Amino acid sequence: MRRCSSRVFRALTRTFSTKQQIVVHPDVRHALAQKQPVVALESTIITHGMPMPENVETALLVEQDVRKNGAVPATIGIIDGCITVGLTQKELMELARKPREQVIKCSRRDLPYVVKMGQSGGTTVAATMIVAHRVGIPIFATGGIGGVHREGHITLDVSADLVELGRTPVAVICSGVKSILDIPRTLEYLETQGVCVATYASEGGVFPDFYTRDSGCKVPYNLPTAEHAAQLLRAWQQLNLQSGVLIGVPIPVEHAADKSAIDGAIKQANAEALAQGITGKDVTPFLLAHIARLTKGRSLQANIALIRNNASVAAQIACELAKERGSTTGRKSSTKKPLVVGASILDLSFKITEKRNLHLDGATYSGVAKQAAGGVGRNIAEGIYKLYGDVNLISAVGSDQLGQILRQLMPQTLQHGLIVDESHSTSLCSVVFDQSGDCKLILGDMEVHNSITPQLLKERSDLFRDAPLIVMDSNISEQAMTCTLELAERFQVPIFFEPTDMFIAGKPFKLRPELTRHIRLTKPNMHELKTIVETITGQSVNWEPNTKVERSELLAQAKQLLHQIESHFNCIIATLGAHGVLLSIRSDAAHDTSKLLSLSPSCEHITHFYAAPKLSNIVNVSGAGDSFCAGFITALLRSHSLDECVAAGFVSAERALLSESAVPSTYFQNELAFENSLRDALQTLQRHRL
């Protein structure tokens, strides 16, 4: 079960601000770094293209379609002046719920104003292309592009999308030009801009017109398969033409609209727009909404079908392009991935809002409920993934609906090693907090963790072999622990043990001593430390730890416990609640942290106390300890000093304390921001050798 320490790491008075103009979600950043397929998606579909709730439902389905076809979706939008690549579900909902008048439809010209004024916006094709190119995403899926408006040869109303295609090297996968526009003149304009235009799986190069499969126009090239499209894009990239590519994908036959009915609706909608004086960027949303009403929603359903199909095709092309890129470069990531073996849990938390004491007497209390991905092992793995860049996780979930929810909340990278058990329910942890945020009760169903069997671990032995460090939590069975320790011994890999809970903290130390010597690092709180001491020494500690005493008294208690077992480890990080952390480390690691990962016998130990600076406006305490682990491990694997490892733990814990979820959606925008925050934290880090 997961430990919920109410004031652990009430740290850090400062939020180390590194606000940037473009924020990239860790999943997207990781995929780009690993040369994995990514598909950019626009956000005007959410803000201006469709009504609620179809806009959010469609956006989520489109992302799901991209994932199903093997790529990573990256929906681009602007929230409060921050351009975000890879909007989360929460951010999608936030953008959708904002009043329409407060959300700007953003093209190239609008970006500086929206960012400067801290406003929110949905990105058009043009703006999405700019941002996608800036972060290195070559493929973008949308419904249809803008174009030359009808009577555009008189009004000069030409979409900025066309100009952007002429100067920004992004491949746009769409169902052609929106039917409400002048398609022949649009294709002429694209030719003038030097844009390569092709159709996809279309007989005779017939160019689609959004709602229907035949615009009456043809283009010179047709790409029959995703492989052919990827080959064209590879040549386009090698030529470095600095202009875009437009690939027109016909709407699936079963969803195509009747052309005469659509043409009639468009004619009527245009007349209405003219009568109401609708101009500029308001024209397209007005016409689409009006056509949807005239067709009794049929055009909206066609719109949804075509954007989902385009996203699937874009993902398939992106995967083929990634294959080509991989075969051309022949490079693989050289970073060794740490391995985490532990629990994945769906956390259901309740915070009581009433001003009365909690008693377990059957009474009903008013409270706020929240659902989040949890589990110590899973949390640490996600933290390492977001901070270090890569990690392997071995964990278990059920094949039930709770398991589906949990997997949706987890980064895709962490799901590769998941064991899906059809005979057990997904682990559910219900946590009750009082009004001040103190954890009062935890109820957990942990049976599914027994699915992590020795046989399954041995089948994944390559993950153990290639790991620089194994992180093991105490939720797994003793049999799984024994196997983990045996594999660590076989491949000579050190283990970082996360005790998880005072009642199970001693579990691995009941096993054979020759195995447990591979546990080189551990991070217990005072109650867990007491359990570990009692298990290793076989003697009872006849007093209860209390983190609310004076600091000097607490440090004396902690040192007394540490001295009894420190020779068994390279490093013990004892967490002391609001006071900070007390480290007992082998003396030769003080100036060489690689010794913390050494499998050689531990030498004389020294202790250092690090005070935790205060932090106000704490939002959530449930993941601070796990984030500390992730930060500490990340800095350790990057060969940072001991002070830097602790500082990394503190700044990562800070981000968790200020986040709604146990693991923040983003700790730092990039590695440079992490290093800058680390440097700032070191200036105020208070270390005392005891």
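A charge is taken to sit over an aromatic ring if NZ of Lys or CZ of Arg is within 6 Å of the ring centre and within 35 degrees of the ring normal. In the structure shown above, which is a predicted model, arginine 356 lies over the face of tyrosine 365, at 4.1 Å from the ring centre.

The overall division of the chain may be considered next. The domain assignment gives domain 1 as 22-325 and domain 2 as 333-355 + 365-493. The centres of domain 1 and domain 2, taken over C-alpha atoms, are separated by 38 Å. Where the two domains meet, 8 residues of domain 1 are in contact with 8 residues of domain 2. The size of an interface is often given as the accessible area lost when the parts come together. Here domain 1 and domain 2 bury about 640 Å² between them, and 41% of that area is on carbon and sulfur atoms. On the side of domain 1, the residues that lose the most area to domain 2 are Asp27, His30 and Gln34, which together account for 60% of what that side buries. Between domain 1 and domain 2 the count of salt bridges is 0.

Arginine 108 lies in the loop between β5 (103-106) and α5 (111-116), whereas glutamate 164 belongs to helix α8 (residues 160-167), so the pair ties together parts that are 56 residues apart in sequence. The two partners may also be described by their accessibility. Arginine 108 has a relative accessible area of 34% and is therefore partly exposed, while glutamate 164, at 1% relative accessibility, counts as buried. A network of salt bridges links Arg108, Glu164 and Arg167.

A further salt bridge is formed by the side chains of glutamate 498 and lysine 523, at 3.6 Å from N to O. This pair also links distant parts of the chain: glutamate 498 is in strand β20, and lysine 523, 25 residues apart from it, is in the loop between β21 (519-522) and α20 (526-537). Both glutamate 498 and lysine 523 are buried. The side chains of glutamate 654 and arginine 655 likewise meet in a salt bridge, at 3.2 Å from N to O. Glutamate 654 and arginine 655 are each buried.

Attention now turns to the aromatic residues. A pair of aromatic rings is described by the distance of the centres and the angle of the planes. With ring centres required to lie within 6.5 Å, the count comes to 5 aromatic pairs. In one of these, the rings of phenylalanine 497 and phenylalanine 509 have centres 5.7 Å apart and planes at 85°; the pair is therefore edge-to-face, as planes over 60 degrees apart are counted in that way. Phenylalanine 497 is in strand β20 (residues 495-498), and phenylalanine 509, 12 residues apart from it, is in the loop between β20 and α19 (513-516). Phenylalanine 497 is buried, with a relative accessible area of 0%. Phenylalanine 509 also counts as buried, at 12% relative accessibility, because buried means under 20% relative accessible area. Ring pairs link Phe497, Phe509 and Phe569 into a cluster.

The rings of phenylalanine 628 and phenylalanine 650 have their centres 5.7 Å apart and their planes at 70°, so this pair is edge-to-face. The pair links helix α22 (residues 624-637), which holds phenylalanine 628, with helix α23 (residues 642-657), which holds phenylalanine 650, the two residues being 22 residues apart. Phenylalanine 628 and phenylalanine 650 are both buried.

Two individual residues complete the account. Asparagine 222 lies in strand β10 and is partly exposed, with a relative accessible area of 31%. From C-alpha to C-alpha, asparagine 222 and tyrosine 200 are 5.7 Å apart in space, although 22 residues apart in sequence. Apart from its neighbours within four places in sequence, asparagine 222 is in contact with Thr199, Tyr200, Ala201, Ser202 and Gly205. Glycine 216 lies in the loop between β9 (196-200) and β10 (221-223). At 65% relative accessibility, glycine 216 counts as exposed. The C-alpha atoms of glycine 216 and serine 425 are separated by 55 Å, and the two residues are 209 residues apart along the chain.

Definitions and conventions
Residues are numbered from 1 along each chain as its sequence is written. This is a predicted model: local features need pLDDT of at least 70, side-chain atom pairs count only at pLDDT 80 or more; totals for chains, interfaces and linings use all residues. Side-chain values use heavy atoms; hydrogens and water are left out. Rings of Phe, Tyr and Trp (its six-membered ring) pair if their centres lie within 6.5 Å; planes under 30 degrees apart count as stacked, over 60 as edge-to-face and the rest as tilted. Helices (H or I, at least four residues) and strands (E, at least two) are DSSP runs, numbered from the N terminus. Buried means under 20% relative accessible area, exposed over 50%, partly exposed in between (1.4 Å probe, protein chains only). Domain bounds come from an automatic or database domain assignment. Contact means heavy atoms within 4.5 Å. Buried area is the accessible area (1.4 Å probe) that two parts lose on being put together, summed over both. A salt bridge is a side-chain nitrogen of Lys or Arg within 4 Å of a carboxyl oxygen of Asp or Glu.
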